[in-house]
Amino acid sequence: MGCEERIFSGQADRPDRILDRISVELDAAVVVVFETVDGSHEIRTSESRALRRVADDPDLLREIGRSAMAGRQTIQLERIPVLAPAFVLSGRRLRTFHGLPMTAHGDAVGGLAVLRLSELPLEESEWLLLASFAEQGAF
């Protein structure tokens, strides 16, 4: 791929505060991918028991990030081959992926993924909350 990648988990700075807030508000595991100025990617994850083994798989985290950058969507994890390992690695607890790109000046600069135990779709108010976090994270 040629891009350097840094994976962080639990560092105390602004992106991690955003992760923690989303995780609490939506009772979910969260993965955020940031594209940096030098073309590398930073992948951050919330602290979640269900996400622990998923966070140890950098290839899976990249797929989660790519899916989030692709556009607003809700996906049943077990039904999509590239995301199904998240379902399995979580002990079949994480069931649903909700993804949203983070944009700056019209360009995707990252992705925000929420992985939930529930199979229910997000309510519009929850999507609006995620969009506000995605805007904050993009800058």
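Predicted model: local features only at pLDDT ≥ 70, side-chain atom pairs only at ≥ 80, totals over all residues.
## Strands and how they pair

Two strands count as paired here if DSSP finds at least two bridges between them. Residues are numbered from 1 along each chain as its sequence is written, and side-chain values use heavy atoms, with hydrogens and water left out.

Strand β2 also has a partner in strand β6 (residues 107-116): 6 bridges join them, and the two run antiparallel. To find your way around, look for A29, which stands opposite L115 in β6, and for F34, whose bridge partner in β3 is E42.

## The overall layout

The protein chain has 5 helices and 6 strands. Starting at the N terminus, their order is β-α-β-β-α-α-β-α-β-β-α. Of the 139 residues in the protein chain, 47% are buried; buried means under 20% relative accessible area, exposed over 50%, and partly exposed in between (1.4 Å probe, protein chains only). Strand β2 (residues 29-35) has 6 of its 7 residues buried, so the rest of the structure largely encloses it.

A contact means heavy atoms within 4.5 Å. Take the contacts between residues at least 6 apart in sequence: 57% of them join residues at least 24 apart.

## Two nonpolar cores

A nonpolar core is a set of buried Ala, Val, Leu, Ile, Met, Phe, Trp, Tyr and Cys residues joined through side-chain atoms within 4.5 Å. The largest one has 20 residues, and those with the most contacts inside it are V31, V54, I64, L77, L94, F97 and L115. The elements that give it two or more residues are β2, α3, α4 (84-89) and β6. Helix α3 gives the most, with 4 residues.

What does L115 touch, leaving out residues up to four places away in sequence? Its contacts are A28, A29, V31, L51, I64, L77, L94, T96 and F97. There is also a second, separate core of 19 residues, which includes F34, L100, F133 and A134.

## Salt bridges

A salt bridge here is a side-chain nitrogen of Lys or Arg within 4 Å of a carboxyl oxygen of Asp or Glu. By this rule there are 7 salt bridges. One of them joins R21 and E25 at 3.5 Å, N to O. Those two sit 4 residues apart in helix α1 (residues 14-26), so about one helical turn separates them. Both ends are partly exposed: R21 at 47% relative accessibility, E25 at 43%.

E42 and R44 make another, with the closest N and O atoms 2.9 Å apart. Here E42 is buried at 16%, and R44 is buried at 5%. R72 and E124 also form a salt bridge, their closest N and O atoms being 3.1 Å apart. That pair links distant parts of the chain, 52 residues apart: R72 is in the loop between α3 and β4 (73-76), while E124 is in helix α5 (residues 124-138). R72 is partly exposed at 46%, as is E124 at 45%.

## A loop residue to look at

D57 lies in the loop between α2 (52-55) and α3 (58-69). With a relative accessible area of 25%, D57 is partly exposed.
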